[in-house]
Amino acid sequence: MNATPNLNDLKPNTRDHGADIVLSGAEVLLRVLVEQGVDVIFGYPGGAVLPIYDALFKQNAVRHILVRHEQAAVHAAEAYARSTGKVGVVLVTSGPGATNAVTGLVDALMDSIPVVCFTGQVGVPLIGTDAFQEADTTGITRQATKHNYLVRKPADLARVAHEAFHIARSGRPGPVVVDLPKNISVGPAPYAPASRAPHPSYRPRTEPEREAVVRAVAAMKRARRPLFYTGGGIINAGPQASEALGRLVRKTGFPCTSTLMGLGAYPTTDRHFLGMLGMHGTYEANLATHGCDVLVALGARFDDRVTGRLDAFSPDSFKIHADIEPSQINKIVQVDVPIVGDAGRVIEMMLEEWDRQDGAPDPAALGQWWQQIDAWRGIRSLHFDQDRTPSAIIRPQHAVRRLYELAMETGRDTFVSTEVGQHQMWAAQHFQFDRPNRWLTSGGLGTMGYGLPAAVGAQVAHPDALVIDIAGEASTLMNIQELGTIAQYRLPVKLFILNNQYMGMVRQWQELLHGSRYSESYSAALPDFIRLAESFHAKGMRATCVGELDDVIRAMLAEPGAVVADICVAQDENCYPMIPSGAAHNQMLLGPEQEGEVKVSAEGRMLV
Amino acid sequence: MTMQDETTVSAVISILVENESGVLARVIGLFSGRGYNIESLTVAPVEQSRHQSRINIVTSGTPQVIEQIKAQVGRLVPVYRVANLTQVGPHVAREMALVKVVSSGEARTEALRIAEAFRARAVDTTATSFVFELTGATEKLDSFIDLMRPLGLAEVSRTGVAAIIRGPRTI
């Protein structure tokens, strides 16, 4: 044994409660991680964090996953958090280590993912001198995080590190940065256990006001054309919130739609589920949103991808909006009943009130509403025709459908991450999620390159699960270096590339808005993905026609190690249905045959 | 759907914050990042023992935007309390200006006469210049400065608004 105490000796015990045991700052940090229940961190070493890496070397309680780029460390931590409900933890060095992490931090901020990111910093005496690998990390990440800290005094270290976890996971979750100057991690610092005292200024409200829920339920009882519109807040509220949502939908008999971030909170295969709403949502979900008379938004934030043209968004509905974050209420859409609280608590209280209040919605009206919805369903807006001739070109939707069906045949717990673009929308439309925390995607920020590192994070958290990154060939090249991480830790991640040789969503918009002038949207000089896989010690596979697709998917699923499957799909396929920007929910395009009819308004052209 | 009120109103937002490094940057960054106006801003510690500072921001926007500003500022971790004083009710809002006037002869006499009418104090006097100190509502300071313009106005330094609710209520 060496002189430095190992982490088992560092575990907090009741006898030294409150006593200041002097350790190095790096050891204090590790002890905080253990007390916070952290078993794995994602990171990349560098000069300013060497003392922390040295402390990591001397212990076994916290596992470190070495990524190949700091952005990937944050995405991996996000997926770890999203798939486990725990806080994801990142450790990177100063300067470029911190700036590389910024995209991941903003991604976590936009999608409300709890992440704590420890960044190295030059020693306190050097701060402000343009020292080697110095960057103003707290300045740069102020708008990229829920909160951030620069630890200037050893005495603050333990408190700040504990507090970072509390802030990341409570209220509306989000990323927190703790910037650690090198002299703080080298020098002695006192350890203190997590404080039980409430934070002096930060006190998020989780318990909803009963009176607001009473009013909401009264409106729901009077509803003739009701709709639940659910979002990522339900996933963040934990699996019990999703379970409660299931009971609420069954009890009320109301239809339910979901945002991209909320998929899996309610089983997407259930008949009460109308599919995703919004820009690439289903016809029935969008028409129901447009036509409903009571809209119950739970843990969703009226994102512009969801609302389309604002003045035509759900124009005749009485709106109920439950969110844990008061700033989300009346931000985009003015609502009639605001409820501030945790989505799970709101749903439980709605269930209680539903039993307590007399009356029920008019069954005839609700029946008519369902008839109307079934008529919209009859349009089959996600339908596509796949030519089954073996030599036929694979349509990307077909590839996702077959991937889902064959993955289900394995009976394994399945996690799906995505990159950003057309493939992401096809995955959201055609892969089904009957449980929460299985769908990992970059919603708010739309970060290309999210999926592969996210698959790393999910596979580390669930070593025995089936983890698939449904990718596009352009996006995945943005973080393809993570094949190295996958190889190092023997992670059996399946990278399923829908390869159409275009930045498909960019090309689709160029067709819609810019006269099909494909400015820089062709994926030129692509690598040979099979040889790329092999060079990273993974298995490479390719399907070029329908006849090969099932065999490749089966082989991929049967392979015990990592696989890169290059699925060559129709190059000209576009993502439908679609609400063109600046249009209303009842102005959907169902397919390319309608594309000629669309006139995107001048205002619509300005929108992203 | 509730119709949105599009009229722009002015509002005084008072924010009680933890007096820690970077807290002002957090508040200002939020305003610039989300496209909110800052017409004036004051900040100073108000509770030395409890490490609290008060920030007063005069801003403008539609009622919906002002409501958003309040909610967004309330999200910041080191913020204890945030109030829209304009909405809370009657409040006192004052600022101070130091106004330098360089002139002689008739103009100099006239400047001194107007200063007396405004109860401005001459805190520095030379043969060719005055520095007037004036406290009051923003509009009063504006009109004083307007009147000084033809009388040799050379330089102005203003503090921005400090504001507090009238009566026994606090934020």
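1. A crossing of two helices is called left-handed if the near helix is turned anticlockwise from the far one by less than a right angle, and right-handed if clockwise; in that sense H16(A) passes H23(A) in a right-handed crossing. Helices here are DSSP runs (H or I, at least four residues), as are strands (E, at least two), numbered from the N terminus.

2. The model is a predicted one, in which local features need pLDDT of at least 70 and side-chain atom pairs count only at pLDDT 80 or more, whereas totals for chains, interfaces and linings use all residues. Residues are numbered from 1 along each chain as its sequence is written, and chains are lettered from A and ligands numbered from 1 in the order in which they are written.

3. Helix H16 (residues 396-410) and helix H23 (residues 546-558) of chain A pack at about 40 degrees with their axes 10 Å apart, the axes being lines fitted to C-alpha atoms over the stretch in contact and the angles running from 0 to 180 degrees between N-to-C directions. H16(A) and H23(A) are therefore oblique to each other, since angles under 35 degrees count as roughly parallel, over 145 as roughly antiparallel, 65 to 115 as roughly perpendicular and the rest as oblique.

4. Between the chains, 20 residues of chain B are in contact with 15 residues of chain A, contact meaning that C-beta atoms, placed from the backbone, lie within 7 Å. On the side of chain B that touches chain A, helix H1 (23-33), helix H2 (63-75) and strand E4 (79-84) each supply at least two residues, and the largest share, 7 residues, comes from H2(B).

Notes:
Two residues are in contact if their C-beta atoms, placed from the backbone, lie within 7 Å.
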